[in-house]
Amino acid sequence: GHVDGGVASSRKRKPRELTPVQSALALLVRREHSQKDLARKLSARGIAEREISETIERLAGDGWQSDARFGEMLVRTRVAHGYGPVRIRAELGTHGLDGEAIQAAMATFEGDWLAVASDLLARRLSSGRAQDLAQRRKAADFLYRRGFDGDMVRAAMKAVSGY
């Protein structure tokens with residue numbers, strides 16, 4: 001008779017469940033996550049609260065997870081997409097970073113917020129439209145929505161359109 005060397009039966013076995021650490025690493029390899037985001041995603045995968053905090057503590061201790069690195073990455077990408085400090089600070093808060101971590105992340109931006117705001121504004125206002133009050137108001141609203149404060153908006157308006 002034919003002897004099956006167990007090859008077929010091993011193929012039918014269910015893939016092994018990932019450990020909490022493996023699940024977390026799979027997420028962190030793709031991109032940086034804050035501890036809060038990681039906990040939320042692991043919880044959604046049915047991992048127990050206690051296991052989640054042990055896992056995150058271990059990965060943070062080994063340098064796989066870092067709220068500081070996450071914050072720096074978020075600041076860098078948001079600035080690159082033309083967002084201002086008010087909006088970025090608020091977003092860092094939603095990811096569970098505390099005041100100190102938010103300050104540290106914001107401090108990693110070595111550019112000039114006014115230059116970012118002015119650059120955005122210059123792209124929105126062609127020379128002719130800068131004279132039009134309605135256009136200027138619209139452009140200012142755009143900067144507020146992007147997360148620049150009143151002082152920055154006024155300074156950028158002055159720099160770009162002379163008003």
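**Labels and the values behind them**

Colleague: What makes Arg 69 count as partly exposed?

Modeller: Arg 69 has 33% relative accessibility. Buried means under 20% relative accessible area, exposed means over 50%, and partly exposed is what lies in between (1.4 Å probe, protein chains only). So 33% puts Arg 69 in the partly exposed class. Please keep in mind that this is a predicted model, where local features need pLDDT of at least 70 and side-chain atom pairs count only at pLDDT 80 or more, while totals for chains, interfaces and linings use all residues. Residues are numbered from 1 along each chain as its sequence is written, and side-chain values use heavy atoms, with hydrogens and water left out.

Colleague: Thanks! How do you know that Arg 69 forms a salt bridge with Glu 32?

Modeller: The rule asks for a side-chain nitrogen of Lys or Arg within 4 Å of a carboxyl oxygen of Asp or Glu. For Arg 69 and Glu 32 the closest N and O atoms are 2.8 Å apart, so the pair passes. In general, side chains of opposite charge can pair when their charged atoms come close.

Colleague: Which parts of the chain does that pair tie together?

Modeller: Arg 69 is in helix α5, whereas Glu 32 is in the loop between α2 (20-30) and α3 (35-44), so the pair links parts that are 37 residues apart in sequence. Helices here are DSSP runs (H or I, at least four residues; strands are E, at least two), numbered from the N terminus. The chain comes to 10 helices and zero strands.

Colleague: How many salt bridges does a search of the whole structure find?

Modeller: It finds seven. Asp 37, at 4% relative accessibility, counts as buried. Another bridge is between Asp 119 and Arg 123, with 2.9 Å from N to O. Those two are four residues apart in helix α8, and so are separated by about one helical turn. Asp 119 is partly exposed at 41%, while Arg 123 is exposed at 62%.

Colleague: Why is the pair of Phe 109 and Trp 113 called tilted?

Modeller: Rings of Phe, Tyr and Trp (its six-membered ring) pair if their centres lie within 6.5 Å; planes under 30 degrees apart count as stacked, over 60 as edge-to-face and the rest as tilted. By this rule the count comes to one aromatic pair. The ring centres of Phe 109 and Trp 113 are 4.2 Å apart and their planes stand at 45°, so the pair is tilted. Phe 109 is buried at 19% relative accessible area, and Trp 113 is buried at 15%.

Colleague: What makes you say that the charged end of Arg 124 sits over the ring of Phe 142?

Modeller: NZ of Lys or CZ of Arg has to be within 6 Å of the ring centre and within 35 degrees of the ring normal. The charged end of Arg 124 is 3.9 Å from the centre of the Phe 142 ring. Likewise, Arg 146 lies over the face of Tyr 83, at 4.5 Å from the ring centre.

Colleague: Which residues touch the most other members of the largest nonpolar core?

Modeller: Val 75, Ile 88, Leu 92, Trp 113, Leu 143 and Phe 148 do, in a core of 28 residues. A nonpolar core is a set of buried Ala, Val, Leu, Ile, Met, Phe, Trp, Tyr and Cys residues joined through side-chain atoms within 4.5 Å. Helices α5 (67-80), α6 (85-94), α7 (99-107), α8 (113-124), α9 (133-146) and α10 (150-161) each supply at least two residues of it. A second, separate core has 10 residues, including Ala 24, Leu 28, Leu 38 and Leu 42.

Colleague: Beyond its neighbours within four places in sequence, what is Leu 143 in contact with?

Modeller: Contact means heavy atoms within 4.5 Å, and the partners of Leu 143 are Ala 117, Leu 120, Leu 121, Phe 148, Val 153 and Ala 156.

Colleague: Last one: why is Ser 66 called buried?

Modeller: The relative accessible area of Ser 66 is 16%, so it falls under the 20% limit. Ser 66 lies in the loop between α4 (49-61) and α5.
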